[in-house]
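I opened this notebook to record a set of look-ups in one model.

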Amino acid sequence: MIPRPYQSRALDELWGWFSKHNDGNPIVEACVGAGKSLMIALLAQRADLEFPGTRILVLVHQKELLEQNVEKIMTVWPQANVGIYSAGAGRKDLGCQVTYATIGSIWKNAHLLGRIDIVLADECHLINPKDTGMWRGFLKDLAKYNPHTRCIGWTGTPFRGNGVWLTAGEDALFTNIATRVTMKELLELQFLSPLVPATTVTRIDAHDVRTSGDDYVLSELAKVTDTAELVESTCDEIVQLAAERKRWLVFAVTIEHAEHVRDALRRRGVVAEMVSAKTPKAERAQLISAFRAGRIRCLVNVAVLTTGFDVPELDFIALLRATKSPVLYVQIAGRGMRLAPGKTDCLWADFTDTTTIMGPVDAVKGRLPMGGRKGEAPTKLCPECGSQNPASATECLDCGYLFPEPERIKHGTRASAAAVLSSQKESMFETLQVTDVRYRIHRKEGSPPSLRVEYYDGLIRQASEWVFMSHDGYPRRRAEAWWNARSAINAIPGSTEEALEWLEYSDQILRKPSAIIMTKQEKYPQIVSYHWEKEMETA
């Protein structure tokens, strides 16, 4: 398996970090879709190649992540001496060079492992920032057998629920961000599907809800969210906004709220189910499997389908649960950003003010802690990457950030209510009514002809888009997805000319939106979403 260029670059940067740092524990910041499992496997193989006999422990918090990681290393390095230590997996292998373990099964048994040289901690943002808990206690026990054990953290969110860098604090386990694979990078490389913001009318107001710790008090948030009026109006909009979307994921506040939303969607003809932490694991697995296969169109969930939930076909997210946690915000958004055949983007419908408060999801980063840190050598955190630096440093040793005069860096400054990605304009979307849709051929010298679709409000043409039925590769796949979302027949024309022939025979072949949401650009406005007449909806 050949790694992508950014994966090779990240591993080289991590390896280079160790050559410059004699101590400390680094973090690999790798966003959703970066391929952490593959990079972990490649790192283990590289460690053995350069230092034969290196003993490696890969720690995860759930069996599903363990299975994903083990499958990847056996693909990359089939000769590896790999063991599994997990009660959930039904195995407790010992004496292997590379051991994959769930923390809940291994944390009391460091003495059974003996010497471990490298610990790779997946989803390391879950580790307690204080020197307590299963993870920290286990790492302390491992140090008895090898005081030079190094721990590498892997996460897409290298900060705590309150936004403070994982490298901050007197008891911080991690010291530096050694390398980063960010959402911005993968979006530019087209290894992620973009989120497209939908214009929502219904608003859930959490302004007066108190906070506790890192987020809203759920009992109070439920009171302002789980009302009959809000449930009905949000579900009306969900069904309208997501009419052409195939897999819907809705985030609710409580189990009761999720049940109310699920039932309201069912009344509107949607095949919907609900999952929560109280859903038995076997039943949850069956529901996710049915969702992945398309037998369930919508999953309404409560605090479970974030980390480790991987259904690339997911193309619609509805946020009915306001949050102030940057970790939760990024994890939720990431569920819709994986690539899948026929998928061009994921529609993001935020009925709260979360996106407005948190800002574009690909620009979220950690923040500096309030106040100083006592009783430690003088260091300062880089506000850009979170790495610890000597107090005298004028430039971050890891990312090259130039330290300005001291100033407070605030997390969560307000951004556009609409922009969920930093590339999107602030508040630059509008909804336009559609009374007619017309189709014609568009020819450009040197390129195959395309289908030009024109949207009218009365006699005025409001917007146009081009559908590339005669092209190959990605443009053709996108055209097929566009056609399938509207077609009343189970067939796709083979070319632009054939598409026009079909439409001239009957313009009822394709359903027409009642409104479009588009950017307010003066030149070439882009359509980002469609509204469909209720009688045309398909659930």
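The entries below follow the order in which I made the look-ups.

**Conventions.** I worked on a predicted model, in which local features need pLDDT of at least 70 and side-chain atom pairs count only at pLDDT 80 or more, while totals for chains, interfaces and linings use all residues. Residues are numbered from 1 along each chain as its sequence is written, and side-chain values use heavy atoms, with hydrogens and water left out. I took helices (H or I, at least four residues) and strands (E, at least two) as DSSP runs numbered from the N terminus.

**Entry 1: aromatic pairs.** I searched the whole structure and found eight aromatic pairs. Rings of Phe, Tyr and Trp (its six-membered ring) pair if their centres lie within 6.5 Å; planes under 30 degrees apart count as stacked, over 60 as edge-to-face and the rest as tilted. Phe51 is exposed, at 52% relative accessibility. Here buried means under 20% relative accessible area, exposed over 50%, and partly exposed in between (1.4 Å probe, protein chains only).

I then turned to Phe159 and Trp165, whose ring centres are 6.4 Å apart with planes at 75°, so this pair is edge-to-face. Phe159 is buried at 3%, and Trp165 is buried at 1%.

**Entry 2: charges over rings.** I required NZ of Lys or CZ of Arg to be within 6 Å of the ring centre and within 35 degrees of the ring normal. The charged end of Lys380 sits over the ring of Phe403, 4.2 Å from its centre. Arg438 places its charged end over the ring of Tyr456, 3.9 Å from the centre.

**Entry 3: the sheet of eight strands.** I traced an open sheet with mixed pairing in the order E4-E3-E5-E2-E6-E7-E1-E8. Two strands pair if DSSP finds at least two bridges between them. Strands E4 (91–92) and E8 (176–181) stand at the edges with a single partner strand each, so one side of each has no neighbour in the sheet. E4 runs antiparallel to strand E3 (residues 82–86), joined by two bridges; Tyr85 has Lys92 in E4 as its bridge partner.

The axes are lines fitted to C-alpha atoms, for helices over the stretch in contact, and angles run from 0 to 180 degrees between N-to-C directions.

**Entry 4: strand E12.** Which way do the residues of E12 point? Trp248 and Val250 point one way from E12 (residues 248–251), Leu249 and Phe251 the other way, and all are buried. In a regular strand the side chains alternate between the two faces of the sheet. E12 pairs in the parallel sense with strand E15 (residues 316–319) over four bridges, and four bridges also join E12, again in parallel, to strand E14 (residues 298–302). Leu249 has Ile317 as its bridge partner in E15 and stands opposite Leu299 in E14.

**Entry 5: the sheet of three strands.** I found an open antiparallel sheet in the order E20-E21-E22. Strands E20 (436–444) and E22 (460–467) stand at the edges, each with a single partner strand. Neighbouring strands are turned by 25° against each other on average, direction ignored. Seven bridges join strand E21 (residues 447–457) to E22, and Leu451 has Val467 in E22 as its bridge partner. Helix H15 (residues 496–505) lies across E20, E21 and E22, running at about 155° to E20.

**Entry 6: His471.** Is His471 buried or exposed? With a relative accessible area of 19%, His471 is buried. I located His471 in the loop between E22 and helix H14 (473–486). His471 touches Pro448, Pro449 and Arg476, not counting residues up to four places away in sequence.

Methods:
Contact means heavy atoms within 4.5 Å.
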